[in-house]
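Opened the notebook for a look through this model.

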Amino acid sequence: MERRGRGAKPSTSPVPPAQPSPGPRRDRRPSMFEKEAYAQILRERLRDSFHDVQYVEPPFDDSIADIGKEWKSALAKLKFANSYRMEPLKKFQAQSVETKVQQILMEHLKDVKYDDKLFSHLSLELSDRILSAVKEFGYHRYKFIIKVLFIQKTGQAINIASRWIWDVAWDSWVEAKHETESYVALALVFALYCE
(Lines give C-alpha, C1' and ligand atoms only; values in the text may rest on other atoms or scores of the structure.)
Protein backbone atom coordinates (compact mmCIF):
# COMPACT_ATOMS: atom_id res chain seq x y z
CA MET A 1 0.00 0.00 0.00
CA GLU A 2 1.38 3.37 -0.97
CA ARG A 3 1.50 6.32 1.30
CA ARG A 4 0.57 9.61 -0.15
CA GLY A 5 1.57 12.90 1.26
CA ARG A 6 1.05 16.44 0.16
CA GLY A 7 1.67 16.91 -3.47
CA ALA A 8 2.17 13.21 -4.12
CA LYS A 9 0.68 11.84 -7.27
CA PRO A 10 -1.98 9.19 -6.98
CA SER A 11 -0.98 5.75 -8.11
CA THR A 12 -1.87 4.81 -11.63
CA SER A 13 -2.61 1.16 -10.90
CA PRO A 14 -5.99 0.26 -12.29
CA VAL A 15 -8.71 -0.69 -9.77
CA PRO A 16 -10.84 -3.63 -10.85
CA PRO A 17 -14.56 -2.84 -11.09
CA ALA A 18 -16.79 -4.31 -8.38
CA GLN A 19 -18.35 -7.61 -9.40
CA PRO A 20 -21.88 -8.48 -8.26
CA SER A 21 -21.91 -11.28 -5.73
CA PRO A 22 -23.03 -14.63 -7.09
CA GLY A 23 -25.46 -15.13 -4.10
CA PRO A 24 -29.25 -15.37 -4.40
CA ARG A 25 -31.01 -12.35 -5.84
CA ARG A 26 -33.54 -10.60 -3.60
CA ASP A 27 -36.93 -9.88 -5.09
CA ARG A 28 -38.11 -6.35 -5.42
CA ARG A 29 -40.41 -5.15 -2.65
CA PRO A 30 -43.96 -4.66 -3.99
CA SER A 31 -45.23 -1.15 -4.52
CA MET A 32 -48.22 0.04 -2.51
CA PHE A 33 -49.86 1.15 -5.75
CA GLU A 34 -50.00 -2.38 -7.13
CA LYS A 35 -53.49 -3.64 -6.46
CA GLU A 36 -52.49 -7.19 -5.56
CA ALA A 37 -49.75 -6.19 -3.15
CA TYR A 38 -51.65 -3.48 -1.28
CA ALA A 39 -53.60 -5.84 0.96
CA GLN A 40 -50.42 -7.72 1.84
CA ILE A 41 -48.57 -4.52 2.75
CA LEU A 42 -51.48 -3.34 4.88
CA ARG A 43 -51.61 -6.65 6.76
CA GLU A 44 -47.85 -6.50 7.42
CA ARG A 45 -48.04 -2.97 8.77
CA LEU A 46 -51.01 -3.69 11.04
CA ARG A 47 -49.95 -7.16 12.19
CA ASP A 48 -48.62 -5.95 15.55
CA SER A 49 -51.18 -3.18 15.92
CA PHE A 50 -53.87 -3.46 18.55
CA HIS A 51 -56.13 -0.77 17.09
CA ASP A 52 -59.31 -1.57 15.20
CA VAL A 53 -58.77 -0.12 11.73
CA GLN A 54 -61.08 -0.79 8.85
CA TYR A 55 -59.67 -1.74 5.45
CA VAL A 56 -59.63 1.09 2.92
CA GLU A 57 -59.01 0.20 -0.71
CA PRO A 58 -57.03 2.82 -2.61
CA PRO A 59 -58.57 4.33 -5.72
CA PHE A 60 -56.71 2.86 -8.72
CA ASP A 61 -58.84 4.26 -11.54
CA ASP A 62 -58.50 8.00 -11.01
CA SER A 63 -55.77 10.48 -11.74
CA ILE A 64 -53.02 11.20 -9.23
CA ALA A 65 -54.56 14.58 -8.35
CA ASP A 66 -57.84 12.98 -7.27
CA ILE A 67 -56.19 10.22 -5.22
CA GLY A 68 -55.34 12.57 -2.35
CA LYS A 69 -58.91 13.84 -2.09
CA GLU A 70 -60.43 10.36 -2.05
CA TRP A 71 -57.93 9.04 0.47
CA LYS A 72 -58.62 12.00 2.74
CA SER A 73 -62.38 11.38 2.63
CA ALA A 74 -61.88 7.63 3.17
CA LEU A 75 -59.64 8.20 6.19
CA ALA A 76 -62.21 10.53 7.72
CA LYS A 77 -64.63 7.58 7.92
CA LEU A 78 -62.23 5.38 9.90
CA LYS A 79 -62.97 4.67 13.55
CA PHE A 80 -59.94 4.36 15.77
CA ALA A 81 -59.85 2.46 19.04
CA ASN A 82 -59.23 5.06 21.72
CA SER A 83 -61.01 8.40 21.83
CA TYR A 84 -60.00 9.28 25.40
CA ARG A 85 -63.65 9.93 26.21
CA MET A 86 -64.20 9.61 29.94
CA GLU A 87 -67.99 9.93 29.99
CA PRO A 88 -70.77 8.58 27.75
CA LEU A 89 -72.56 10.64 25.15
CA LYS A 90 -75.87 9.31 26.47
CA LYS A 91 -76.15 8.06 30.05
CA PHE A 92 -77.91 4.74 30.72
CA GLN A 93 -81.59 5.39 31.52
CA ALA A 94 -82.65 2.59 33.86
CA GLN A 95 -86.37 3.43 33.88
CA SER A 96 -86.88 3.17 30.12
CA VAL A 97 -84.84 -0.04 29.91
CA GLU A 98 -86.80 -1.56 32.80
CA THR A 99 -90.16 -0.95 31.11
CA LYS A 100 -88.86 -2.49 27.86
CA VAL A 101 -87.50 -5.59 29.63
CA GLN A 102 -90.75 -5.96 31.59
CA GLN A 103 -92.70 -5.76 28.34
CA ILE A 104 -90.53 -8.48 26.73
CA LEU A 105 -91.03 -10.79 29.72
CA MET A 106 -94.80 -10.27 29.66
CA GLU A 107 -95.05 -10.98 25.91
CA HIS A 108 -92.97 -14.17 25.95
CA LEU A 109 -94.12 -15.72 29.24
CA LYS A 110 -97.84 -14.98 29.49
CA ASP A 111 -99.07 -18.54 28.75
CA VAL A 112 -95.97 -20.59 29.59
CA LYS A 113 -96.08 -23.30 32.27
CA TYR A 114 -93.00 -24.38 34.23
CA ASP A 115 -90.84 -26.90 32.35
CA ASP A 116 -87.13 -27.16 33.16
CA LYS A 117 -86.18 -28.45 29.70
CA LEU A 118 -88.06 -25.66 27.96
CA PHE A 119 -86.68 -22.96 30.25
CA SER A 120 -83.04 -23.83 29.53
CA HIS A 121 -83.57 -22.78 25.91
CA LEU A 122 -86.05 -20.04 26.72
CA SER A 123 -83.59 -18.28 29.05
CA LEU A 124 -81.03 -18.04 26.22
CA GLU A 125 -83.66 -16.80 23.78
CA LEU A 126 -84.96 -14.20 26.22
CA SER A 127 -81.48 -12.92 27.06
CA ASP A 128 -80.70 -12.49 23.34
CA ARG A 129 -84.01 -10.71 22.83
CA ILE A 130 -83.41 -8.40 25.80
CA LEU A 131 -79.86 -7.65 24.66
CA SER A 132 -80.99 -6.64 21.18
CA ALA A 133 -83.77 -4.48 22.66
CA VAL A 134 -81.34 -2.72 25.02
CA LYS A 135 -78.86 -2.11 22.18
CA GLU A 136 -81.62 -0.37 20.20
CA PHE A 137 -81.58 2.43 22.78
CA GLY A 138 -78.17 3.47 21.40
CA TYR A 139 -76.00 3.56 24.50
CA HIS A 140 -72.58 3.78 22.87
CA ARG A 141 -69.52 2.26 24.58
CA TYR A 142 -71.68 0.40 27.10
CA LYS A 143 -71.26 -3.32 27.60
CA PHE A 144 -74.31 -5.24 28.74
CA ILE A 145 -74.58 -8.38 30.84
CA ILE A 146 -77.99 -10.06 30.78
CA LYS A 147 -79.02 -12.73 33.30
CA VAL A 148 -82.38 -14.48 33.02
CA LEU A 149 -83.34 -16.75 35.92
CA PHE A 150 -86.34 -19.05 36.25
CA ILE A 151 -87.22 -20.15 39.79
CA GLN A 152 -89.84 -22.81 40.45
CA LYS A 153 -92.22 -22.02 43.29
CA THR A 154 -92.10 -24.87 45.78
CA GLY A 155 -92.41 -22.91 49.03
CA GLN A 156 -88.70 -22.12 49.34
CA ALA A 157 -86.92 -18.83 49.93
CA ILE A 158 -84.17 -17.66 47.59
CA ASN A 159 -81.50 -14.98 47.72
CA ILE A 160 -79.75 -13.78 44.55
CA ALA A 161 -76.59 -11.71 44.86
CA SER A 162 -74.18 -10.15 42.38
CA ARG A 163 -70.95 -8.30 43.08
CA TRP A 164 -69.29 -5.92 40.66
CA ILE A 165 -66.55 -3.35 40.68
CA TRP A 166 -67.88 -0.39 38.76
CA ASP A 167 -68.12 3.35 38.43
CA VAL A 168 -71.22 4.52 40.28
CA ALA A 169 -71.47 7.63 38.10
CA TRP A 170 -71.98 5.78 34.77
CA ASP A 171 -72.66 2.08 35.45
CA SER A 172 -76.09 0.84 36.42
CA TRP A 173 -78.38 -2.18 36.53
CA VAL A 174 -82.05 -3.01 35.98
CA GLU A 175 -84.29 -5.74 37.38
CA ALA A 176 -87.53 -6.98 35.83
CA LYS A 177 -89.73 -9.73 37.25
CA HIS A 178 -92.60 -11.81 35.88
CA GLU A 179 -94.46 -14.03 38.34
CA THR A 180 -96.98 -16.84 37.76
CA GLU A 181 -98.44 -19.55 40.01
CA SER A 182 -95.67 -22.06 39.26
CA TYR A 183 -92.51 -19.97 38.70
CA VAL A 184 -90.84 -16.57 38.91
CA ALA A 185 -88.84 -15.19 35.98
CA LEU A 186 -86.18 -12.65 36.89
CA ALA A 187 -84.23 -10.67 34.31
CA LEU A 188 -81.15 -8.65 35.34
CA VAL A 189 -79.48 -6.18 33.00
CA PHE A 190 -76.10 -4.76 33.97
CA ALA A 191 -74.82 -1.77 31.95
CA LEU A 192 -71.08 -1.09 32.23
CA TYR A 193 -69.49 1.91 30.56
CA CYS A 194 -66.14 1.22 28.90
CA GLU A 195 -63.89 4.27 28.62
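My entries follow, starting with the ground rules.

**Ground rules.** I am working from a predicted model, where local features need pLDDT of at least 70, side-chain atom pairs count only at pLDDT 80 or more, and totals for chains, interfaces and linings use all residues. Residues are numbered from 1 along each chain as its sequence is written, and side-chain values use heavy atoms, with hydrogens and water left out.

**Sheet.** I looked up the strand order first: β1-β3-β2, an open sheet of three strands with antiparallel pairing. Strands here are DSSP E runs of at least two residues, helices are H or I runs of at least four, both numbered from the N terminus. Two strands count as paired if DSSP finds at least two bridges between them. β1 and β2 are the edge strands, each pairing on one side only. From one strand to the next, the twist averages 15 degrees. I found eight bridges joining the antiparallel β2 and β3; one of them pairs Glu179 with Val184 in β3.

**Helices over the sheet.** α3 lies across β1, β2 and β3, at about 30 degrees to β2. α4 lies across β1 and β3, at about 150 degrees to β1. Axes are lines fitted to C-alpha atoms (for helices, over the stretch in contact), and angles run from 0 to 180 degrees between N-to-C directions.

**Core.** The largest nonpolar core has 27 residues, and those with the most contacts inside it include Leu109, Leu126 and Phe150. Such a core is a set of buried Ala, Val, Leu, Ile, Met, Phe, Trp, Tyr and Cys residues joined through side-chain atoms within 4.5 Å. α3, α4, β1, β2 and β3 each supply at least two residues of this core. Beyond its neighbours within four places in sequence, Leu109 contacts Leu122, Leu126, Phe150, His178, Tyr183 and Ala185; contact means heavy atoms within 4.5 Å.

Leaving out residues up to four places away, Ser96 touches Phe137 and Tyr139, and Ser123 touches Val148 and Phe150.

**Loop.** Asp115 sits between α3 and α4, and I logged it as partly exposed at 35%.

Methods: Buried < 20%, exposed > 50% of the residue type's maximum accessible area, 1.4 Å probe, protein only.
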